[in-house]
Every structure is written in C-alpha cells, then in structure tokens.
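Q: I would like to learn how to read single features of a structure. Please take me through some of them, the general idea first and then the case at hand.

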Amino acid sequence: MQVAPSILSADFGILGDEVKAICDGGCDLVHVDVMDGHFVPNLTIGPVVVEAVAKASTKPLDVHLMVENNTFFVNLFAPLKPKYISFHLEEEKHPHRLIQHIRSLGISPAIVLNPHSRVEDLEYIINDLDMVLLMSVNPGFGGQKFIPSVIEKAARLKELIIQKNASALIEVDGGVNDKNIHALKNAGVDVVVAGSYVYNSEDYAGKIRSLQI
Ligand code: DX5
Ligand code: ZN
C-alpha cells in the first residue's frame, strides 16, 4: 500500500519542515489539496505555495483539484511537474478531453469520484486513466469520519479495472487510519491519502509505516 499524507493537516507556519518530515518519514507521495471556495466550501493553496511544497519535497506530488474550472487549474499547476493531477468527474463536462490534455503535459491523469458517484461512469475512460481516487469523505475538509461504503465501491472498481484489463491504481482519500486500512487493502486499494491520522500525531514515520501494509 502506498501512502500519500495530505499536507492539509500540516502546520502551515512551518510548511517546508512539515513536507520534509513526511518525506523523511518514508511516504510514497505528497498529497496536495487544491480547493477554490466554489466546488467545495473551503479555500486552500495556489501555485506559489505549491511551488514551495515541491521544493521541500523529495517525493512526487499528487495534486487533488477540488475546483470548478479544471482546465485553468491544470494549466496553473502543470509547470510544477506533479506526478498526478486528479480532477472531479462531477465538475467536468469533457473528462476524456481533459485526461488527454493532462497526459500531453507529461503528468499522470486521475479522476476523483465523490461518495455518491458511480464507478460504472468510468467504464469507457478507465483505460485512459493512471489512477482513480475514491472519496471516503465529502471533499472540503480534513479530519472527517470515514464513509464505509467506499470499501464496496473500491471492490467494484477493482472488478472493472480487471474486466477492462486497465492499469489504473485505486486511491482512497478521507478518514483513513489503522482501523480501516486492512479492509481497504482487501478491497484492492493501492494508495491511501492520510491527513489528520499522520499530522495529528507525534510520530509521522510510525503512522505512515502503519498504513504501508
Ligand atoms: C478532503 C481532502 C483530503 C483530506 C484528508 O477534501 O481531499 O485529502 O485532507 O484528510 P483526513 O485524512 O484527515 O480525512
Ligand atoms: Zn485530497
């Protein structure tokens, strides 16, 4: 299981140190939550701050867009060369086109599904994706309670990936901890995001390791 700590729960007064700490702590990716105050009722960080994150990080960035104007934000963050950019299917009229655009920028495209969104809607684009991110909370804030239906959803997504002979990874984001990690693993999840579980502890490395099962 790969672990992508979300810097949303980090201490932004010492953000560079907080990013270095999770990288030194053995994380696989650094998860960056971009919120525009429109798609979700919260506003986070733009390219100036994410550039500082990229400089402090020794691990690839996983940029999660929670915004209304996806293409604008993709173009804004692309120069920082994240490994992944994920966008919400609920907020995109032309997902197939945007996937191709992200790939043309040399970045791995990923799609995010909110808790209510159907895995079946990915049937004809799953082969174009490098990752699918399933939200296990409603997007907008860290520290929320895990929504257990994502386990069944991840298992269905895994079936679809196998059926279509696709290679997309499955990532789950929200409320992940040492209590639900085994069920996520059994459902076929490859990557977990963990914000408060890692950053609200004294031992980032230990928390990261506890999820790398
Ligand atoms: C929520 C964000 C998550 C969040 C996860 O909208 O996408 O990445 O930071 O935080 P925890 O792990 O605390 O639920
Ligand atoms: Zn996220």
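Q: Where is the place of Ser-86?

A: In this predicted model, Ser-86 sits in strand 4.

Q: Is Ser-86 buried or exposed?

A: The idea is to read the relative accessible area against a cut-off: buried means under 20%. Ser-86 has a relative accessible area of 0%, so this residue is buried.

Q: With which residues is Ser-86 in contact, leaving aside its neighbours within four places in sequence?

A: Ser-86 is in contact with Val-63, His-64 and Leu-65, and also with Ala-110, Val-112 and Leu-133. As for separation, Asn-69 is 17 residues from Ser-86 in sequence, and their C-alpha atoms are 13 Å apart in space.

Q: How is phi read, and what is the phi of Lys-81?

A: Most residues other than glycine have a negative phi. Lys-81 is not a glycine, yet its phi is positive, near 55°. Lys-81 is placed in the loop between helix 3 (70-77) and strand 4 (84-88). With a relative accessible area of 57%, Lys-81 is exposed. The C-alpha atom of Lys-81 is separated by 21 Å from that of Gly-26, 55 residues away along the chain.

Q: What phi does Asn-165 have, and where does Asn-165 lie?

A: Asn-165 also is not a glycine and has a positive phi, of about 55°. The loop that holds Asn-165 runs between helix 5 and strand 7 (169-173). The cut-off for exposed is over 50%, and Asn-165, at 70% relative accessibility, counts as exposed.

Q: Turning to a helix, in which one is Leu-160 found, and is Leu-160 buried or exposed?

A: Leu-160 is found in helix 5, which covers residues 150-163. Its relative accessible area is 7%, and Leu-160 is therefore buried. Not counting residues up to four places away in sequence, Leu-160 touches Val-119, Leu-122 and Glu-123. Pro-79 is 81 residues from Leu-160 in sequence and, C-alpha to C-alpha, 33 Å from Leu-160 in space.

Q: How does Ala-155 in helix 5 read on the accessibility scale?

A: A value between the two cut-offs is called partly exposed. Ala-155 lies in helix 5 and has a relative accessible area of 29%, so this alanine is partly exposed. Between Ala-155 and Leu-98 there are 57 residues of separation in sequence and 26 Å in space, C-alpha to C-alpha.

Q: Which residues of helix 8 (residues 204-211) are buried, and what covers them?

A: The buried residues in helix 8 are Tyr-204, Gly-206, Ile-208 and Leu-211. Their cover includes strand 1 (2-5) and helix 1 (15-24), together with helix 6 (181-187), strand 8 (191-194) and helix 7 (196-199).

Q: How many disulfides does the structure hold?

A: A disulfide is read from the distance between two cysteine sulfur atoms, which must be within 2.5 Å. The structure holds zero disulfides. Cys-23 is in none, and its nearest cysteine sulfur, in Cys-27, is 4.4 Å away.

Q: What does the secondary structure of the whole protein chain come to?

A: The protein chain has eight helices and eight strands. Its C-alpha trace spans about 45 × 35 × 30 Å along the principal axes.

Q: How far apart are the mean positions of the positive and negative charges?

A: The protein chain has 18 positive and 26 negative charges, and their mean positions are 4 Å apart. The accessible surface comes to about 9,400 Å², and carbon and sulfur atoms account for 50% of this surface.

How values were computed. Residues are numbered from 1 along each chain as its sequence is written. Chains are lettered from A and ligands numbered from 1 in the order in which they are written. This is a predicted model: local features need pLDDT of at least 70, side-chain atom pairs count only at pLDDT 80 or more; totals for chains, interfaces and linings use all residues. Side-chain values use heavy atoms; hydrogens and water are left out. Helices (H or I, at least four residues) and strands (E, at least two) are DSSP runs, numbered from the N terminus. Accessible areas come from the Shrake-Rupley method with a 1.4 Å probe; for residues, only the protein chains shown count as cover. Lys and Arg count as positive and Asp and Glu as negative; His and the chain ends are not counted. The place of a charge is taken as NZ of Lys, CZ of Arg, CG of Asp or CD of Glu. Buried means under 20% relative accessible area, exposed over 50%, partly exposed in between (1.4 Å probe, protein chains only). Contact means heavy atoms within 4.5 Å.
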